[in-house]
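Please examine the sequence and the three-dimensional structure shown below. The paragraphs that follow lead through them step by step.

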Amino acid sequence: MKSNQSRRKLNLFLVLLVVWVLVFQFTTIKPAKASSQINLKILVYAKGAALLQPYIQQFEQIYPNIAVNIIEGPHASDAIEDLYTASFILGKTPYDLVYIDSTWVAKFAAAGWLLDLSDRVSSSDLDRFVKIEVEAGKYGGKLYRVPFLSGSAMLFYRQDLLEAAGYQPPKTFEDLITTAIAIQQQGLVDWGYAWQGKQYEGMAAMFVEVLAGYGGFWIDPETETVGLDRPEAIAAVEFLRRAIASGISPPGVTTYTEDESRRLFEAGKVLFLRNWSYVYNLAANSSVGGKFGIEPMVTISGEKGVSCAGGWGLAIAKTSAHPDAAWELIEFLTSDRTQRDYILNTGYQPSLKSVFSEPQVVAKYNYYPQLLAIADRSVLRPGISQYSQASDILQRYLSAAIANKMSPEIAMQKAAAETRRLLQN
Amino acid sequence: MTTNRQQTIGWLLIIPAMLVLGLVFIYPIARAFWLSLFTENLGTNLEPVFSGFANYTRMLGDGRFWQTLKNTSVFTVASVSIELVLGMAIALVLNQSFRGRGIVRTIAIIPWALPTAVMGLAWAWIFNDQYGVVNDILERLGLIDTGINWLGDPTLAMVALVIADVWKTTPFISIILLAGLQSIPEDIYEAHSIDGANAWQSFYQITLPLLMPQILIALLFRFAQSFGIFDLVQVMTGGGPAGATETVSIYIYSTVMRYLDFGYGAALVVVTFLLLISFVGITSFIFSKAK
């Protein structure tokens, strides 16, 4: 009898405990307080968030009923992508706006996470932007992203060394190799050419440019034709291998990202560097400041090469309760004035064409007109929803080829076959 | 009556623990298994479509899965066995009494206390071909003429990862073993040496057998951790070169987070889980038999 009683008491206690835990669980997560004040949330990497803050304050002064909450995220762009992805997968994303890289657009749009912005902009509005960055924001003929920053890559070269040895900046892949060998042999510099050969997204972006330089293509997004096993693509891989085999690229280039290759250039150890425009201002303040110039990437024919487009933009989450307010913010951030001020402050690459030639901007960054010419000759990475898989396939086989573990033909044939299988599914 | 009642109370007391275990352990795995029977990716507009064991048959023909499984196994076996030997040696040293032992013990555990991602970045620079400390030392010793491209070669990249992991987690093993060593009474050794045993004999006949439970715990912990290694690899090599260091965890992460292929990702999780559980089961069984 007594044992029964204590058992009941214990049972009661346990039930109460569970109930209490559950109640506690559900009451502490209260829904946000409703008010006439509109709250917009956007996740931006921490440094970018700090740089945006002054313009957000200007925006809030113009629209007193809108408060913008910038959540600071990690620096790596794939970490930001993960955070956005996780928030979308889990259902109600807290974010109204998405600070979005060009390669995520197709996936996010295909998953139904982004709001179609096509009706909110006229084509004349879009003409203000670097054309390729507008293209990067489209999926299935609809616009999902407005460009905020454009991103271009180019060939950095050491002007002083070229002049000392009596050479011109290279125009073709052949030029690049022979010039580098000659200047290395004169003992003017340790290495000829630094690029990004690590197995990661940056390698895919770098390869797109070499591929285009040889007249090849990766995946045609319209027809879904895969061009990786064509002779042009194999020639592109062979160029990269030759750069290592001929001794102009350090063997470790197969492990380099943007940063390692940039440091090599800034330390004055390399003649040519393929990298993004952000390197310009950094290198200008390094030991090679004032000693280098930029050119578009080289090609096989000698005409100007192309850059891989790598800009950032703004999109609106489909689940946002305040799409109109979010749109106001996008319009504000991509207005002429905001862009000019923001670029003057940060030295980033604008998405508005007019800002590249804005007198104040040119006075501060004299290479911007040249940068626009490079940005105007850009190609996109394939705008397909399975882009990350396609990129991983390319990276693995390209990495195998440049690490001499597979011949270029076999590597590219395998990559092409796997990519075709991916696109069929 | 009393034993009966005690038993009931005993059971009642562990119910909360069982509930927690069920929620955090059994439910996710059951759910992963359920999800693995569906195709849910961008092709199906992220809607689950029942597809039976299609994800598992797909896995059979997925070369990348098998490669990551091989990479993970090589990494796990190499790092755990080296760590066990080194950890044992360090534990034996730290168990001796000498001046400043407290400080040395604290210092010895530092690598384990540092965040892996940060140390992964540091190790990537240590193995850098141009600026790396490893190449610099080897060059100064006259062992090599030009820098070795550590992270650019599939085999060497794996070696570099194992070295970094050994550095990082050996302290963990030595701390567990040290705790075990301290529970062995000193008199047993004395009696043994009076019987005429030398140091090696007492190590094999006393230390090792009495330390078996701790060795087993250390082994299982490290095995499970190492089989799921993600951060170190992600930071140091990103799975490259040529996918030679990609581990199962990285592949699962890509499949779920980047490819949004949830059904297949779940199938990968289930298979990895079963492999891990069966290894743990077999190891525990062997150890219990050995006793």
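Is A:Glu135 buried, partly exposed or exposed? A:Glu135 has a relative accessible area of 35% and is therefore partly exposed; buried means under 20% relative accessible area, exposed means over 50%, and partly exposed lies in between, with a 1.4 Å probe and protein chains only. The model is predicted, so local features need pLDDT of at least 70 and side-chain atom pairs count only at pLDDT 80 or more, while totals for chains, interfaces and linings use all residues. Residues are numbered from 1 along each chain as its sequence is written, chains are lettered from A and ligands numbered from 1 in the order in which they are written, and side-chain values use heavy atoms, with hydrogens and water left out.

Chain A may be considered as a whole. Chain A has 19 helices and 13 strands; helices (H or I, at least four residues) and strands (E, at least two) are DSSP runs, numbered from the N terminus. Along the principal axes, the C-alpha atoms of chain A fill a box of roughly 100 × 55 × 45 Å. Of the 425 residues in chain A, 56% are buried. A contact means heavy atoms within 4.5 Å. Among the contacts in chain A between residues at least 6 apart in sequence, 73% join residues at least 24 apart. The accessible surface of chain A comes to about 18,300 Å², and 53% of this surface belongs to carbon and sulfur atoms; such areas come from the Shrake-Rupley method with a 1.4 Å probe, and for residues only the protein chains shown count as cover.

The next topic is charged side chains. Side chains of opposite charge can pair when their charged atoms come close. A salt bridge is defined as a side-chain nitrogen of Lys or Arg within 4 Å of a carboxyl oxygen of Asp or Glu. By this rule, there are 22 salt bridges over all chains. One of them joins the side chains of A:Asp324 and A:Arg120, at 3.0 Å from N to O. A:Asp324 lies in helix H13 of chain A, whereas A:Arg120 lies in the loop between helix H4 (105-110) and helix H5 (123-126), so the pair ties together parts that are 204 residues apart in sequence. A:Arg120 is partly exposed, since its relative accessible area is 28%.

A:Glu135 also takes part in a salt bridge: its partner is A:Lys138, and the closest N and O atoms are 3.6 Å apart. A:Lys138 is partly exposed at 33% relative accessibility. In chain B, the side chains of B:Asp136 and B:Arg140 form a salt bridge of 2.8 Å, N to O. These two residues are four residues apart in helix H7 (residues 133-140) of chain B, and so are separated by about one helical turn. B:Asp136 is partly exposed at 34%, and B:Arg140 is exposed at 69%. A network of salt bridges links A:Asp259, A:Arg262, A:Arg263 and A:Glu266.

How many residues does each chain bring to the contact between chain B and chain A? Chain B brings 36 residues and chain A brings 37. Together the two chains bury about 3,200 Å², with 58% of it on carbon and sulfur atoms; buried area is the accessible area (1.4 Å probe) that two parts lose on being put together, summed over both. Three salt bridges are found across this interface. The side chains of A:Lys405 and B:Asp153 also meet in a salt bridge, 3.8 Å from N to O. On the side of chain B that touches chain A, helix H1 (2-35), helix H3 (63-95), H11 and H12 each supply at least two residues.

Finally, some details of the backbone deserve attention. Most residues other than glycine have a negative phi, and most peptide bonds are trans. A:Glu224, which is not a glycine, has a positive phi of about 60°. A:Glu224 is placed in the loop between helix H9 (201-213) and helix H10 (231-245) of chain A, and at 36% relative accessibility it is partly exposed. A:Asn404 has a positive phi near 65° and is exposed, with a relative accessible area of 58%. In chain B, the peptide bond from B:Gly240 to B:Pro241 is cis, with omega near -10°. B:Pro241 is found in the loop between helix H11 (231-236) and helix H12 (248-258) of chain B.
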